[in-house]
Structure formats: structure tokens, C-alpha cells
Amino acid sequence: MAMVPDAFVSRLCWMLLSYAKEEAAKILGVPEEIKKLHRRLKRMQAILADVENRRFDNEAINLWLNELRDLMYDADDIIDECRIEGEKLLISNSSSSRCGQSVRGCYPPITCWHEGRFHHEIGHRIRNLNRELKQLAKDKQELHLTPAPHDDRYKSRISCKTSPIIEPDLVGEKIEDDTRRLADLLTKEDNKKIQVFAIVGMGGIGKTTLAQNIYNDKKLRDNFNPKSQIWLCVSQDFFEFDLLRSIIKQAGGDPGEAKEKGVLEPILSQVIMNKKFFLVLDDVWDAQVWNELLRKPLHSGSADSRILITSRHEAIARQMGAVYIHRVEKLSQEDGWSLICKMVFEEGEEGDMHELSDVGMRIVEKCDGLPLALRTIGGLLRTKEKRHSEWNKVLSSPALSFTKLPKEEMGPLYLSYLDLPPPLKQCFTSITLFPKDFPIRGAPFGNRCIVEGFVTSEDDTPLEDVAEGYWKELVQRNLLQSDPRYYDQKGCRMHDLLRSLAQHIAGDECFVGDARAFENKIMSSSSSIKLRRLSIVDGNLETIPDLIMKQTSLRTLSFFHIPLIHDLPEDLFRKLRSLRILNLRKIAINNLPTSLGDLVHLRTLDLSNSSIREIPESIGNLRNLQFLVLEDCKYLHSLPSGVLRLINLKVLVVEGAPLDGIPIGIGRLRQLNTLVGFVVNVSEGCRSRVEELKFLSQLRFVSIIKLERVSNREEARAAALEAKPHLTDLFLYCTLPSIFFDVQQPRANDYEEEDINRIGEVFEELHPPPCLEKLEINGYFGREFPTWMMTPSPSLLRNLRVLHLKNCALCQQLPSLGMLPQLDYLWIEGASEVTSIGPEFLLLAGGSAGVRGRNGRKTDYFPKLEELGFKNMPNWEEWSWRWEEEDNQTTLLLPSLKSLTIDECPKLRSLPESLLCHATALKELRIRSAHSLREIQNLPSLTELILIENSSLERASNFPRLKHLDVYDCEELKIVEGVNAVEHIQLDDREAVSLPEWLASADEEQLCFPFLHKLTLSNKICRRGLPDWPLI
């Protein structure tokens, strides 16, 4: 990614000022030159906002910026080298003073010569930097660069004003559905207070269009007097008096000549007094427009008035107190093609439309459902001849891939980028270093941003928390799209359009592609910009190209999907000494060159999924290393002792590597906040006991494996997990017996009784702190869960959100979890001794069902649980809460549950009847291999039901809101009724030769499935209205 100068200068100035005060700088004799460098950069910072906005339009400014970037990168390297050398001198001086007069050998002549030479060289480099920076400061006068406030934004050439007039070309099937849904919510009777509703989504996705459609909807117009419907385009640079005057005029009032807020607010309040109004606030960038300006005067209106806002930022909607937030989804390919057709083809051109549909759909796919992009491409295609050759030119055009930043067409996306704070801009462009469609997870993304120096904290907030906030903001601003494979938005992807924008901003500083494209790029480039970041994605590459080793300014080198490289050049790291990030994931190398120790600037080393067998001892020289990732290195059996010298290490990941243990002394790495795969080992010579964890007070994430090796409860207690104030993620693993892989579940006779008792005592002492948010326990073979789980008061685990219990095979009773206030995800797997689940699953020990809360209020059990799953519980037979009727009046059970999964629970006879009364938010139910279950019924909120291999299931009934039904290998299922809203039925049994009885006997005249319009049979999709529909 390209350096964002404003952000980089801010960080560099802080570093320079801090270092100038350090003892090491004084020893090297450079504090005054460092301070001078700081002053000049600080003065330069004032004009960087102007540079950022003008660099794409002015080549001279862009060249000037490139020179400034090179200087800043050099300054960053110099500070790094000074810190490293200074630390060595401080250690040497300390050692020398301890040696006293008698030990001249502590300072060999060669060492003194080296230090003198370094003093001279570093001073010379800093003076050169100052001279060059002075010249750049003079040059900026000729470029007419002017200081600009940091909140100045790019002024788009597109008008930012919107209106309630619908653009008919953009209205499709999906937007009509969304309009109906939101119109129903907006007109629903609720006279308690004025409510705010929100439409959020990235720039150009159609928020305004949806709001326009709602504004003009017949139901809205019938519910609100047209004279009381108000449309206000807020935009970013709004003026308070303009907004107030506009509302007053649209509401039928007269603001006169007043332009003062204090005069206009009472006028507005009077104009809408007791009136029912509908107000659209379009393009809101700041919640203060509501909270500080409009809320007070508008509350004089009727309580059944409604506010609808559109914004790019979900956080703004929440700050405004929105009761409902609607995320605008991208158009489907069918709707996108329909939109293009409306713009391009005239009546009578249906033949051309059909002929060009294949290439047209590929063009639509490039636009990824963005209405703005589709409209732009439609306008382009309208000017072309309706021939394959012409449309293929459009498809392959660089303009479609946005290799150059467009003007009006990409204005909204570019605006979304420019609105980001400088650190977030760098985080956004950094994503271009991942391959296309690469799943980007939050933690690695945050770590990369920390390493690059993009993440800063003005207070004492941990950088990891700040980075997580950056990640969430990019997601909320819709610059990253959530990947459904990851829970809680922890994994995302960036769409091609945004990626192209980010790549354009990054420019020639970075490259992502295969080796040949890289060589072509370097050989043909006339740019003076030095390559700083390189990602090679090439499955056919067998050796490291020489051209890579010539890129001596590289700060990031990443390899993706390169399985054929077995060796690295011995001098690779000597030539790439400026590297901060080295990613060698999934490379088949066995060893690293010993020159690894020359990478003194290195912050991240990722060797995960590689064939590495040995890490060189020289790794201990990497005193700046913060992230060492060795996940799933299947041939790595030990770590070098040099790891213990990595005093700045924050993250160590060795999970999946068959380590015998961790070197003694890991507790000395006091900066560690993430330790994944800590191996308990009590063998002689490599004694990594859990008690070493007590020294790691910064731990936020820790996983401990082979806990069966812990010798006693005292050793476990010494780990002091309960005393770790930042611990949020804890994973506790015992090794499953080898026989486990041959049978379904481990059994009691797989363990000695002494071991069973001891592991219970050990887990009793591994009590986590109250700040814990995620807990996973796997392979625990005690007979009972520890007491801190069996009687978890809401205060003990009050922040726990995610809980996984896997292969706890000897526990006959599940812990009581219903009172945990924040738990939103619960997965229980392999609890083979559990035969029933009853009220004890919900209540504290000694409690009883239906206990009332304080002052007789209802008691909530699992108040925030959204996802619940049970898997591989072979002896589970009964699930019942055993509620009395009066208990139902005083108890809320699973009020937030959206998804329930039951998988491989062959003896479970029925679902609890109370799900009907309590799980009113349940949308998805998946049941697989529940062979004793005979009927499923009475879930009024359910919209998706998936039934797989349930051999005794006979009836599924009374799901009035069910939309999707998926049935596979449920041969006894004879009755499916009370599902009148079903729209799609999927039958996945490839061996079936006829429709199942419950579907085949459904006469269309009886309207058993009156809204069914899609039936999927294996690979065949049938739709109502098509020729094959009557044949079903």
C-alpha cells in the first residue's frame, strides 16, 4: 500500500521526539540532529492534506510527494538502526561498568572501531536527510501547496444534493421487497415516541434510491399527509441554518430572513407542533445533526412521527438511536442485468438482448451488484454497437477494472476513502497486498497494521484494541464485506471495485501478482518510485527470481500459493535488510538461511503451513520481531533458544506444530499478548510448565495443549489465569486418547481413575478472569465440569460471549449457563455421557425453574444467545425444561435465539415444547441424524428448516412463516403441513426416483404450498410458470 503521508509523518514525528530524549541517542551523539529532523517534518505536515487531495491531478505534486516518502522511509530506517545500536551500547556500558577497571577485554578494539564508524555514518545520514528535507520545503513553495485543516475533504465534481424523486431505472425486484418491509415498519402503530429508522451501506450501493422509493410509497403517502413529508439532504458539509430553514419551508412554515439557530429552532418547533410527519435525512455523516440540532425542536411533533436516515456508517445510525437498521444488499446478477437492459435496449431489440446476455452477465458480475457501477456501465454500453466484439472490449477494458481512478463514476467510493482518518486510509490500502478474494481475518489484519505503524494510541489503550476498532469501522463503513464463513465478522473480503481503488491509491509502491507479471512490471516501468511491498501469487514458481533480491527497499515480502519452492538463496536476507514483514506461508522449504538474523528491522515472520524443520538460532538477533507465526508447521519439533531473546515479541503461534515443548524461560517475554499452542512438557531438559504463564501479565489470547501432563493442582494454580486482567480468549485442550480415532467416543475405561481425578483438580485451578469473552474446552476427561462452570454466577463470567465444549466425554451433566448475560454463541459437541438436558442447564445450583427476578420481574435465561448447537451426543434422549404454566408468565427463555442446530443425536426423542412459547426469534433450524425424532412442529417464527437423514421423522407441521425447506433422506416423512408461506423446497436425495409422498400428494388446487415458486431436485431447478412445472 502507499504510505499515507499525514499518518506516517505523525507517527514518525512522535518516534523522533521520543528517541531524541532517550539515553541511547545521547550516547550516539545525535539528539540535536534528530530534533532538527523532527521540527522540519512537523512543519511539513501542515500541507500534507492538500498534497493528498491534489496528487492525482498534478504530476509535479505527485513527484514531490514521492521524494518526501523516500525521505520518510529512510528516516524510519535510521531511527530503527539507532535504537538497535543504542540498546547494544547501553548493555555494553552496563556490562563494562560491572566489569570494573580490570576488564579491558569487555571492549575489544574491533568493537570500539565499529561503534565509532557507526556514530560517523549515522550522523552523516541524518544530516543528509535534513539537507534534503530543507530542499523539499523550498520546492513546495513553487507547487503552491497550502496548509489545510485535517478535516478538509475531497470536493466531488458530482453534486452531493439528492432529492426524493425516484430514478426509475434503478428500481428492481429486490428494492421493491425492501421498500415494502421498511414501509410496513415505518407505518406500524407505536405512539410512545418518535422513532428513527436507518438505511446503511457503502457509497453508491443505492441507499438514496431505496429511501426515495419509500418516500414515494403509497402506504407511506396514505399514512402521512403529503404536506408533512420532508426530504432533507444533509451531506457532509451542511450548515445548521440551511437545514432548519429547509425543514420549516417543507413543513409549511416561513422562516423569513432568520439565519440564527436560536431563532429558527422555535419556529420549527411551532410549525410541527402536534403534527404527524415523516422526515428523511439523506446522507448523514455526523450523528450531531440529530442529537444536537434536530432532536429537540422535532419532539414537539406527534409521537407517531417517523425519521428515516441514510448513512454510510452503521455507528452513526446507532448513535442516533435507530430502532431498526437496514443494510442495503447488492443487486443480484439477474436484477443487475435487468437494469442494464432497461438502459441499453429499446423495444423490439429482444433478439440482441438474448444474444448479448452471456457477455452482459459477465460485465454485470464485474460490477458486483453496485447500482452506481451498473448505471455507469449501462451508460457506456449504450454508446456501443450491440455486437459481441464491442461488448467484449468493454469487458476486458482496464477502465472496467478501474486501473485509473475515474472522475464522477468512482466519486462516492473515493469519497468513502477520503473520509477515513489517516491511519485508516493506510489500513484500507494495505488490504491490496492480499491476493484477490483472499479471506482477510481481523486479527492478522490488525497485526499487520500494528507492524506497519498504522495503529497509534494517544492514551494507554492497547494497540490491539485500537486495531480491532479500525477493523470494525472498515466493516461498518462497508469498505469490507463480511465473509459468511466467519462468525461475528472476523473474516471479510474486499470487492474488486474497492480493491481497484485501493490499488490505484497505492500506486507503484506495491505489487501483487505472479512472478512473470512482476518482472514485466519492473522491466517496463519508468517510475522512480521504489518498490516497498511485494506479494507474489504464483503456483508455478520454483525459485526466487533474482529481480526480487534487487528490490533492496522492500519492507514487505509475501508469498501466496507457492508450493514448489524448496530452498531460499543464502544471501536473500542480506540483500533485503529493510524487511518489516516476511510471509512464507505454505512454502515447501525445510530450512531458513542463517542470514535470517540480518533482518534487524523485521517485525513479522509468518511460516505457517510450511515444511520448515528447523529455525536458525540467529533468530535471536531479531529484537524488533513482534509476530512469529508457526501454525501447522508439521515437521517442526522444537524451537531454538534464541526465541527467548525476542524481547519485543507480542504474538507467538505454534498451534498445529508437533513441538515437544516450549523452551524454558518463555515467561521472560513480557510483551507477549497472544500465545497459541503452549505445550505443557515435564520431560527433562525441556520443562515448559504452565506456571511460566504467571509472568505473562499482558496475555489476551492463550491456548494450552496437553493439559493432561500437568502434574498437580498447585502447578495449575501457579499459572494465575484468574489474575490476568486482559485475557479475553482461552482455549484449554487435553490430548484425546489414540483409541478415540478408532471408536466414536472416548470412554471412562480409556483413563486411569487417578488421572480422571487429577484432571478435574487441574481444571478447577484454571479459573479464568471475569474479562473472558471466549472459552473453548476440548478433550476434558473429568467426571464433572469445574465448579466455576457448574455454578457460574453472572459476575464470574459476565463478559463471556462464545463457549465451545468439545469431547468432554465423561461429564454426565452440562454446566448451568442460562444466567450468563452476554453469551451469544454456544456449541456443545461430543458430550457422550449426557442423557438429558433439563432446568439445570439454565439455573444456578439449588435454583428452580421459573424463579422470578427482583421485584417480581421476569427472569431471562440465555438472554442474548443467538446460535445454539449440539453435535455428536449419542446418548442424549430427553430435552425438557419442565415448566409449569405460571413459570411461562415469569420467564423469558432464549428470547434472542436465531439459529438452532442438532447434529448426530440419534436418541433424542423430541424438542422441548417451550420453544414454541419462548424462542420467538428462531429463524433457522437444522436437524441431522436425529433418528428417534418423530415430529417437529409449532415454531411460528421459523423461516428456514433443514432436515437431513432423520430416519424416523414422520411429521413436520405448523411453521406459518417458513420460506425455505430442505429435506434429504427422511424416508418416513409423510406429513408436511401448515407451511403455506414456503417459497422454495429443496430435495437433495439423488437416488430418489419420484417425489416424496408429502409433496407428490399435494394437489395444487388444495393450495398446500400456495407461494411455492421454486423446487430444487438434485441438480435440477424447476420454477412456477416454466414448461416443466406441471410435470412435477
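Predicted model: local features only at pLDDT ≥ 70, side-chain atom pairs only at ≥ 80, totals over all residues.
## The chain as a whole

The protein chain holds 32 helices and 36 strands. It has 1032 residues, and 52% of them count as buried. If you look at the contacts in the chain with a separation of 6 or more, 63% come from residues 24 or more positions apart.

Five bridges link the two strands in the parallel sense. Among the residues involved, Cys233 has Asp282 in β3 as its bridge partner.

## Helices α10 and α11

Helix α10 covers residues 240-250 and helix α11 covers residues 261-271; they pack with their axes 10 Å apart, at an angle of about 25 degrees. Angles under 35 degrees count as roughly parallel, which means that α10 is roughly parallel to α11. The crossing of α10 and α11 is left-handed.

## Helices α16 and α18

Helix α16 (residues 357-367) and helix α18 (residues 388-395) have axes that come within 10 Å and cross at roughly 15 degrees. That angle makes α16 roughly parallel to α18. The crossing of α16 and α18 is left-handed.

On the α16 side, the contact is made by Asp358, Val359, Gly360, Arg362, Ile363 and Lys366. On the α18 side, the contributors are His388, Trp391, Asn392, Val394 and Leu395.

## Strand β17 and its partners

Strand β17 spans residues 701-705 and is mostly covered, with four of its five residues buried. One of its partners is strand β16 (residues 674-679), which runs parallel to β17 and is joined to it by five bridges. Within this pairing, Phe678 stands opposite Ile704 of β17.

Strand β18 (residues 729-733) also pairs with β17, in the parallel sense and over four bridges. Here Phe701 stands opposite Asp729 in β18. Between these two strands, the chain crosses from β17 through helix α27 (residues 713-718) to β18, and this β-α-β crossover is right-handed.

## Two buried loop residues with positive phi

Next come two residues in loops. Phe862 has a positive phi of about 50 degrees, although it is not a glycine. Phe862 sits in the loop between β23 (859-861) and β24 (867-871). Its relative accessibility is 1%, so Phe862 counts as buried.

Leu894 likewise is not a glycine and has a positive phi of about 50 degrees. You will find Leu894 in the loop between β26 (891-893) and β27 (899-903). With a relative accessible area of 2%, Leu894 is buried.

## A three-stranded open sheet

Further along, three strands form an open sheet in the order β29-β31-β33, with parallel pairing. Its edge strands are β29 (935-937) and β33 (975-977), each pairing on one side only. Neighbouring strands of this sheet are turned by 0 degrees against each other on average, direction ignored.

Within this sheet, β29 and strand β31 (residues 955-957) pair in the parallel sense over three bridges. To locate the pairing, look for Glu935, whose bridge partner in β31 is Arg955.

Conventions: Residues numbered from 1 in each chain as written. Heavy atoms only, no water. Buried < 20%, exposed > 50% of the residue type's maximum accessible area, 1.4 Å probe, protein only. Pairing = 2+ DSSP bridges. Right-handed = clockwise from strand over helix to strand, strands pointing away. Axes fitted to C-alpha atoms, helices over the stretch in contact; angles between N-to-C directions. Parallel < 35°, antiparallel > 145°, perpendicular 65-115°, else oblique. Left-handed = near helix turned anticlockwise from the far one by under 90°. Contact = heavy atoms within 4.5 Å.
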